[in-house]
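Please keep the sequence and the model in view while reading.

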Amino acid sequence: MLFLCFLLCVTTSVAMGNILLLSEPPPLLLVSFDGFRAEYLRRFPMPNLELLYSQGVLVEDLTNVFVTKTFPNHYTLVTGLYPESHGIVASHMYDPIIKGYFPQGNDEKEAVWWSEAEPLWITALDFGYKTAAMMWPGSHYSYNNRTATHSVPYNLEVTFQQRLNNVTQWILGNGEEPGAKFAALYWEEPDRSGHKYGPDSENMAKALKEVDDNIGLIVSELKRTGLWGHINVMVTSDHGMAQCSPDRVIHLDACLHPDNYTLVDITPVAALIPREDAQMVFDLLNHCHAHMTAYMKENIPERLHYRNNRRIQPIILIADEGWTILHNGNQLRLGDHGYDNSLPSMHPFLAAMGPSFRRRYRLSNLNSVDIYPLMCHLLSVPPRPNNGSLTQALSLLHTQRQKLDLSLVFTLTVGIVLVLFTIQLLFRWLRSYRQSGSPAFHRLECNGDVELRANSCK
Ligand SMILES: [Zn+2]
């Protein structure tokens, strides 16, 4: 019995030790370089990024979500939800309940558009952490009247160095207040250059060099502040970029007079509200161009997860890779994104390093919806319901941490078995003690009832 109690104490303390270890996660910094196509990694020298993932992990190809636009994908990264579930379904939207268009250019009115899903900086805040979001899309709008502990609205004038310095100060804290446990940092390149020059342009070399220099700044700033090696860093992006051309344009007005519909979004995924005969509008658009596919909302392919939201319009048109839908004078851009998310040109990457990540490990593919549950796991924050999974993402983590998780499960299981076994033994012992301490009633053996009544038993 004593031995069992001893075993029980040892197992419980090991389990508690593991729980304590798991409850003290390192801070997590999530950085997005907008429009960083995964293929750039193979085409341009990125010494600082290589240094980062050579000490950590690289997911060479990240399958993002449709539509492959900035706002939908950035909100997916911090919610783990497909756009039909988090509500940011495009860069330009119409909501029949709000009876308004997005963007509205008014902070107070805009918040409602981002209120259908809770981002990680709020979930982690509820868990008791300080959080920070530097210009991450949607982060300065309040969710249930709350924002991240530190939040800065988008401002093109603020340099990467300034954004980074703020974020590292927030993570470090000020000596009295604890630092932010989760921080998200946004930078608008190489997206801007990708749109301007096209991803195939030699000008992208300069843009990618600047992005890599900024990754070098992250490394040097984390080393300067002593955070390097004590913080998990994830560098990723929202989407890739496809090369467009004046030779690949689709003139929407050539198929249908604009009086027949209201146009909500235009290229490469157009969203339309038919004014009267929806079937007639659809039939005309369906045969409009060989490089554009029309869908009634209810027939949008299941794999796109793009049907179940009132902000998805009754008809959508999807241009083929590199094709541009033009309408009433909208400008052609040499690079664009938003296309089908099964296209490799639309995919970004993920590089990560830190105490929780494996070293020199590569994974060929991961879904971007899996990043949210992975971040929650790293922070030990219970995730909100999401479309992601840890099945693949856990392979990115350091075996030590995986072992820790497994040993926690093992020690807890052994502990529970021992507790049950001890309780059973205790019951058995108590039962036998009662039986030996209070002997059972035995009728006195007398010679006969008459004699018993007369003399009682002697
Ligand atoms: Zn973007």
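Asn 145 is exposed, since 6 other C-beta atoms lie within 10 Å. Asn 145 belongs to the loop between β5 and β6, and its phi is positive, about 65°, although it is not a glycine. The model is a predicted one, in which local features need pLDDT of at least 70 and side-chain atom pairs count only at pLDDT 80 or more, while totals for chains, interfaces and linings use all residues. Residue numbers start from 1 along each chain as its sequence is written.

Met 135 is also found in the loop between β5 (130-134) and β6 (150-152). Its phi, near 65°, is positive in a residue other than glycine. Met 135 counts as buried because it has 20 C-beta neighbours inside 10 Å.

## Chain overview

The chain has 14 helices and 18 strands. These elements are DSSP runs numbered from the N terminus: helices are H or I with at least four residues, and strands are E with at least two. Of the 458 residues in the chain, 42% are buried. Among contacts between residues at least 6 apart in sequence, 75% join residues at least 24 apart; two residues are in contact if their C-beta atoms, placed from the backbone, lie within 7 Å.

## The eight-stranded sheet

Eight strands make an open sheet with mixed pairing, in the order β6-β5-β7-β1-β8-β17-β2-β18. Two strands pair if DSSP finds at least two bridges between them. β6 and β18 are the edge strands, each pairing on one side only. On average, and with direction ignored, neighbouring strands of this sheet are turned by 15° against each other. Axes here are lines fitted to C-alpha atoms, for helices over the stretch in contact, and angles run from 0 to 180 degrees between N-to-C directions.

Strand β2 (residues 57-63) runs antiparallel to β17 (residues 350-353), and three bridges join them; Val 57 has Ala 352 as its bridge partner in β17. Met 134 is bridged to Leu 185 in β7.

## Helices on the sheet

Helix α8 lies across β1 (28-33), β5, β6 and β7, and runs at about 175° to β7. Helix α12 (residues 371-379) lies across β1, β7, β8 (232-236) and β17, at about 155° to β1.

The axes of α8 (residues 160-172) and α10 (residues 204-224) come within 10 Å and cross at roughly 30°. The two helices are therefore roughly parallel to each other; angles under 35 degrees count as roughly parallel, over 145 as roughly antiparallel, 65 to 115 as roughly perpendicular and the rest as oblique. In their contact, Phe 160, Gln 161, Leu 164 and Thr 168 of α8 meet Asn 214, Leu 217, Ile 218, Glu 221 and Leu 222 of α10. By class, that contact has five nonpolar, three polar and one charged residues. Ala, Val, Leu, Ile, Met, Phe, Trp, Tyr, Cys and Pro count as nonpolar, Asp, Glu, Lys and Arg as charged, and the others, Gly among them, as polar.

## The four-stranded sheet

A further open sheet has four strands in the order β11-β12-β14-β13, with antiparallel pairing. β11 (261-265) and β13 (292-296) each have a single partner strand, so one side of each is left without a neighbour in the sheet. The twist from one strand to the next averages 25°. Four bridges join β11 to β12 (residues 269-274), and Asp 265 stands opposite Ala 271 in β12.

Thr 267 and Pro 268 are joined by a cis peptide bond with omega about -5°, and Pro 268 is in the loop between β11 and β12. Another cis peptide bond joins Phe 102 and Pro 103, with omega about 0°. Pro 103 lies in the loop between β4 (100-102) and α6 (107-110).

Tyr 339, in the loop between β16 (335-336) and β17, is buried, with 26 other C-beta atoms within 10 Å. Leaving aside neighbours within four places in sequence, its contacts include Pro 268, Thr 68 and Met 346.

Terms used. A residue is buried if 20 or more other C-beta atoms lie within 10 Å of its own, exposed if 12 or fewer, and partly exposed in between; C-beta atoms are placed from the backbone.
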